[in-house]
Amino acid sequence: MKTEELVYSLLDGLDPAKDEIPSVRTIREKLGKGSYGTISAALRNWKKSHAFAEAVRVDSEIELDEETLREFAETLSKIFGPIIRSRVDRVKREDEAEIARLATSLKQANLKLEEEINKREALEDELDKLRKELDEERLAKARVEGAFEAMTRSALLADDKAKS
């Protein structure tokens, strides 16, 4: 944001009923940047653009008819309309760029998430396969042990019969 815009923003945030217009030095201290010449010029321009409001605030008995108010509003619109539209367009472009950046980031995050989900599913499938193989190996081991035990008993019985 340009120094002039920062000065306008700061000054527009003042409460005219309570706050005094700060000095160039005070504005520079609040902004933390900007040359005194730039700040001074911005302050001068801001004061010029707010002169009517200042006059109305000082003399609260000023009464304006509807036609004068309409002309004043049209003049303000002609003067400040392009500035406001320009600022609104700039902010809109910045917002659209940020939305595009965030959409891209979200798309990348979704792709990464999908990739991680696929990896997890592959690992779960591999784990299921390994569990089945382990169960089959345990069953085969149990069968072999059972057969071995049966053979051992048969051999012992045969030995016992042979001895008797």
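# Reading the helices of a predicted model

Modeller: Read along the sequence, this chain runs α-α-α-α-α. Keep in mind that the model is predicted.

Colleague: How many helices and how many strands does the secondary structure come to?

Modeller: The chain has 5 helices and 0 strands.

Colleague: What share of the 164 residues counts as buried?

Modeller: Of those 164 residues, 9% are buried. The cut-off for that word is under 20% relative accessible area.

Colleague: And the contacts along the chain? What share comes from residues 24 or more positions apart?

Modeller: Take the contacts with a separation of 6 or more. Residues 24 or more positions apart account for 52% of them.

Colleague: Now the core. Which residues form the largest nonpolar core?

Modeller: It has 9 residues. They are Val7, Tyr8, Leu11, Val24, Ile27, Ile39, Ala42, Leu43 and Trp46. The elements giving two or more residues to this core are α1 (3-12), α2 (24-31) and α3 (36-49).

Colleague: Which element gives the largest share of this core?

Modeller: α3 does, with 4 residues.

Colleague: Let us turn to helix pairs. How are two packed helices described?

Modeller: By two quantities: the angle between their axes and the distance between the axes. Here, the axes of α1 and α3 come within 9 Å and cross at roughly 50 degrees.

Colleague: What word describes how α1 and α3 lie to each other?

Modeller: They are oblique to each other. The reasoning uses cut-offs: 65 to 115 degrees would be roughly perpendicular, and under 35 roughly parallel. Roughly 50 degrees is the angle here, so the pair is oblique. As for handedness, α1 passes α3 in a right-handed crossing.

Colleague: Which residues of α1 and α3 meet?

Modeller: From α1 come Thr3, Glu4, Val7, Tyr8, Leu11 and Asp12. From α3 come Thr38, Ile39, Ala42, Leu43, Asn45 and Trp46. By class, this contact has 7 nonpolar, 3 polar and 2 charged residues.

Colleague: Next pair. At what angle do α1 and α2 pack?

Modeller: At about 105 degrees, with their axes 11 Å apart. α1 and α2 are therefore roughly perpendicular to each other. On the α1 side, the contact is made by Thr3, Leu6, Val7, Leu10 and Leu11. On the α2 side, Ile27, Lys30 and Leu31 take part. The classes are 6 nonpolar, 1 polar and 1 charged.

Colleague: And how far apart are the axes of α2 and α3?

Modeller: They are 9 Å apart, and the two helices pack at an angle of about 110 degrees. α2 and α3 are therefore roughly perpendicular to each other. Their crossing is right-handed. Val24, Arg25, Ile27, Arg28 and Leu31 in α2 meet Tyr36, Ile39, Ser40 and Leu43 in α3. That contact divides into 6 nonpolar, 1 polar and 2 charged residues.

Colleague: Now single residues. Is Thr3 buried or exposed?

Modeller: Thr3 is in helix α1. Its relative accessibility is 17%, so Thr3 counts as buried. Leaving aside neighbours within four places in sequence, Thr3 is in contact with Leu31, Gly34, Thr38 and Ile39.

Colleague: Is Glu5 buried or exposed?

Modeller: Glu5 also sits in α1. Its relative accessible area is 18%, so Glu5 is buried. Not counting residues up to four places away, Glu5 touches Arg87 and Arg90.

Colleague: Where does Leu14 lie?

Modeller: In the loop between α1 and α2. Leu14 has a relative accessible area of 21%, so it is partly exposed. Beyond residues up to four places away, Leu14 touches Asp19, Glu20, Ile21 and Pro22.

Colleague: One last residue. What does Tyr36 touch?

Modeller: Tyr36 lies in helix α3. With a relative accessible area of 45%, Tyr36 is partly exposed. Not counting residues up to four places away in sequence, Tyr36 touches Val24, Arg25 and Arg28. Sequence and space can be read side by side for one of these pairs. Tyr36 and Arg25 are 11 residues apart in sequence and 7.3 Å apart in space, C-alpha to C-alpha.

Methods
Residues are numbered from 1 along each chain as its sequence is written. This is a predicted model: local features need pLDDT of at least 70, side-chain atom pairs count only at pLDDT 80 or more; totals for chains, interfaces and linings use all residues. Side-chain values use heavy atoms; hydrogens and water are left out. A nonpolar core is a set of buried Ala, Val, Leu, Ile, Met, Phe, Trp, Tyr and Cys residues joined through side-chain atoms within 4.5 Å. Buried means under 20% relative accessible area, exposed over 50%, partly exposed in between (1.4 Å probe, protein chains only). Axes are lines fitted to C-alpha atoms, for helices over the stretch in contact, and angles run from 0 to 180 degrees between N-to-C directions. Angles under 35 degrees count as roughly parallel, over 145 as roughly antiparallel, 65 to 115 as roughly perpendicular and the rest as oblique. A crossing is left-handed if the near helix is turned anticlockwise from the far one by less than a right angle, and right-handed if clockwise. Contact means heavy atoms within 4.5 Å. Ala, Val, Leu, Ile, Met, Phe, Trp, Tyr, Cys and Pro count as nonpolar, Asp, Glu, Lys and Arg as charged, and the others, Gly among them, as polar.
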